[in-house]
Amino acid sequence: MAQLVKIQVSRGIFWVEAPKAGLYILCGCPADSVKHLMKRGLIGSREEHGITFETGPNAILLSDVLIQNGAFSNMAEFPVLQMLYRQGMLLPDHPNNTGQKPLLIGSKSQVRSQMQYIYRGNYGLTSEEELLASGVSPELAHDIMRMKLRFAFGKIRDSEELLDALVVGNDPVEIRNGVYIRRLGLNVFEFRYGAHTVSVDLSLPPSTVYESPYTLGYHQFRKEYFGVIHSGDGDGWDAKRPTMSSVLTFQGKIYLIDAGPNILHSLKALGIGGNEIEGIFHTHAHDDHFSGLPTLMRSDHRIRYFSTPMVRSSVAKKLSALMNRDEEYFSRYFEVHDLELDAWNDIGGLEVKPMLSPHPVETNILLFRAMSREGYKTYAHFSDIVGLDILRGMIADDDSRSGVSRAFYDSIARTYLEKTDLKKVDAGGGMIHGNSEDFKDDASGKIVLSHTSRELTPRQKEIGSGAPFGMADAIISAYRDYRMDHVAWLLEAYFPTVPRHQRGLLANNPIVTFNPETILLKAGVPNRSVYLILSGEVEMIHSESGTCNYLSSGALVGEMAAFSGAPARETCLAASFVQALEVPTELCLDFVKKNGLHDRIVLLQEKRKFLQSTWLFGESTSYPVQTGIVQAMEPAVFQPGETIDPGDERELFLIRSGKLRLTIGDDTMETLRAGDFFGEVGVLFGTTCLFGIRVVERTEAFRIAAQTLLGVPIVCWKLLEVYQRRMELLFNPSLVTSSIFEWREEYGTAVLDMDRDHRELFKTTDTLYKAIAIGEDASVLHEALDFLIRYAERHFRTEENLMGEYGYPERERHRKHHEKFLEDVLDMRRRARLGEVDVNMDFVNFIKDWIINHILTEDRKYGRHFSKP
């Protein structure tokens, strides 16, 4: 038997095992990593003492980078649940409960974030105070906490009670039983056991994504007046199917119910582009219903988010813990619409009634209805409910005990059996999922059993139906073609000055459907038609440059070749089922000439082609959004030797040609060329650029005002990624010739007292950094911690008083940051005195993260406010 074995499970996921040491490590844990392990046979079934349980990992190595290519790299909730419950590591009297806890391995920041995210995933809101803050009544808050405590076996436990943690630095540290790990570089780790070593690189290559464990094929559906497309009927453990979810169509608009793992894979299989989504109705924050949110956050518009305030609060706290960002961050990427619990909420004619579901975290089951010729038609989506037999066993009439009241039980039982035209229910069984027998007497028109990893039994088939992926139910049929409404809207967005009857000339053309992988346009071949994409995705391939982009709803295909008369330079093929308006080239040309649009369109198209070639704008931005950006682009030219000062202007500079250098002092941090940009700090935070910008070669650029970009979530997301990467460059010793913690005037807030304190922090951190580098003992750490506590208490008090004096609007948010930092430092000092904290660079990195995320980001924002007359 090999002492140390490495297996690549999937892209970005590895398995490392040392059987003799009893160590089995999942390396990389994006969404659905457990399903990948199941498919590879690395999770199996075992029996001991008459008890059957699963095998699997007992440790998880986290990625250094939380988000890669738009997806979360660290989502340890389900792997941890698999260890605790399906392997039995937490269960009393279980043969696999040896006292050993699941182990999280990684950087301090990622381990800390995962601990908090798992805590929120286990419990959601964890006190009556948090529930009250979300707007529920005191009576309901008390009832919910009673129920939560029963699900939690009487106690809300910190993640540290359930999990062990190991922070990894550059020096080898022992995991367990003689197995060591060290970091070789960002996201690259080496394991050693005896004389054997293996290394893993958890970085995703550019332009790649984590793979889905299942294939879904390609599907088509018709947009009904009110319809349901079944986009998942499995659960978080089903390696063959997506988890329970649905897509609603109403009057031509598309809404999602929940956002589970690999949602982009599911949407592509259904022929839905991300920019076609109007909104999401969210039931709760468990990963199998939550982990697709980053995909939706990377849309080209703020998708509408519908849920009750308590579910939204639970989701925001979990996302905040995962991303180490403020809860307010959530509303920057979604257009939040709070729903009233137990009431009908009107969403443009579609009505939804959220009701409380008994579950370990805040959960709503949803009733939808819409008016038809025959009165209201209804759909019930009952995801993550509990069986009535389990709930009955939780009845405790003593209000001081954990459990539920009899009145609460009776209310839930009545809700389950409410008659609807279509009802989709969780039939997963177990302690926290539904029981199909509860619906055996349900009078609803059709019942769909879902949220299970098992095939339906004969008995279950007598109660309800299955719903394979892509199956559709028309609740109210459509007697109009909503695609034509979409055509009219897109044509008006493209040609707002053209009379409606002229746009009607283009609209009066056939809508065609392309099968997946069908070529719409071939490079080097003249095209006879121009296509306006209405749904699905088109892959645009430019083999000469080696680039590939995806076009979605609203894109025009073949228009530039049509206007120039030259053959197309790109090949375009359907990446899913694609529906498009097909307009003959000659008709399109005649329309353009008759309305005097040729020169304007050519100019816009040249700029749009440039945008599509860039990393920042080439992905998932629809043509209407690109048109808005194109119209805001103002040219700028810079000469060699010039130093560019963006000043206080909130605008982005996108380089069309030339060469620039980002510098700090005399050090070059980054070289910028065509397609790169600078000015992201002004767009995101309204502060001045920390870097000098030196022109090396004549440079042409476009200036784009911040207000044009702030409404495009995917662009803001990417700007934030680049901002964080560039801030890290300031503290890279291979790039900076002076000490990385040397104070620079560019770091200043323009508030002298605050800058003096910040200089003191930099000086102390620099001393600590040098002391650790030469191997000084723990006393240097104790001194630094004592300083930090004194510094924080004095500096934070002064800073908050200033904010109050000047009426700074973000004072409360700032105060919470201070509170969290001081809490972390006090905890470190406590653990240092117990000998639980090593003297290493992890502590320095903790202070560095505070400098980047707070002093150089948040603090620099208030300087401008204080200086206003």
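Colleague: How many bridges join strand β4 to strand β5, and do the strands run parallel or antiparallel?

Modeller: Please note that this is a predicted model, in which local features need pLDDT of at least 70, side-chain atom pairs count only at pLDDT 80 or more, and totals for chains, interfaces and linings use all residues. Residues are numbered from 1 along each chain as its sequence is written, and side-chain values use heavy atoms, with hydrogens and water left out. Helices (H or I, at least four residues) and strands (E, at least two) are DSSP runs, numbered from the N terminus; two strands pair if DSSP finds at least two bridges between them. Here β4 (residues 45-48) and β5 (residues 51-54) are antiparallel and are joined by 4 bridges. Arg 46 has Phe 53 of β5 as its bridge partner. The hairpin of these strands has 2 residues between them, and His 49 there takes a positive phi near 55°.

Colleague: Is Phe 153 buried or exposed?

Modeller: Buried means under 20% relative accessible area, exposed over 50%, and partly exposed in between (1.4 Å probe, protein chains only). Phe 153 has 63% relative accessibility, so it counts as exposed. Leu 62, at 0%, counts as buried. Leu 62 is found in the loop between β6 (59-61) and β7 (67-68).

Colleague: With which residues is Leu 62 in contact, leaving aside its neighbours within four places in sequence?

Modeller: Contact means heavy atoms within 4.5 Å. Among the residues that Leu 62 touches are Cys 29, Ile 105, Phe 189 and Leu 202.

Colleague: Ile 105 belongs to strand β9. Which residues of β9 are buried on each side?

Modeller: In β9 (residues 103-106), Leu 103 and Ile 105 are buried on one side, and Leu 104 and Gly 106 on the other. Strand β9 pairs with β6 in the parallel sense over 3 bridges, with Ile 60 opposite Leu 104. Strand β9 also runs parallel to β10 (residues 164-167), to which 4 bridges join it; there Gly 106 stands opposite Val 167.

Colleague: What is the order of the strands in the open sheet of 6 strands?

Modeller: The order is β21-β22-β23-β24-β25-β26, with mixed pairing. β21 (345-347) and β26 (446-450) stand at the edges with a single partner strand each, so one side of each has no neighbour in the sheet. From one strand to the next, the twist averages 25°. Within this sheet, β23 (residues 364-372) and β24 (residues 375-382) run antiparallel and are joined by 7 bridges; Met 371 has Tyr 376 of β24 as its bridge partner. Helix α13 (residues 406-416) packs on the sheet, touching β22, β23, β24 and β25, and its direction makes about 145° with that of β22.

Colleague: How are two packed helices described?

Modeller: They are described by the angle between their axes and the distance between the axes. Axes are lines fitted to C-alpha atoms, for helices over the stretch in contact, and angles run from 0 to 180 degrees between N-to-C directions. Helix α23 (residues 713-729) and helix α27 (residues 841-866) pack at about 115°, with axes 11 Å apart. Residues making the contact include Tyr 723 and Met 727 of α23, and Ile 852 and Leu 856 of α27.

Colleague: Which residues touch the most other members of the largest nonpolar core?

Modeller: A nonpolar core is a set of buried Ala, Val, Leu, Ile, Met, Phe, Trp, Tyr and Cys residues joined through side-chain atoms within 4.5 Å. The largest has 161 residues, and Leu 296, Met 323 and Phe 843 touch the most other members. Helix α25 (residues 779-806) gives the most to this core, with 10 residues. A second, separate core has 40 residues, including Tyr 494 and Val 583.
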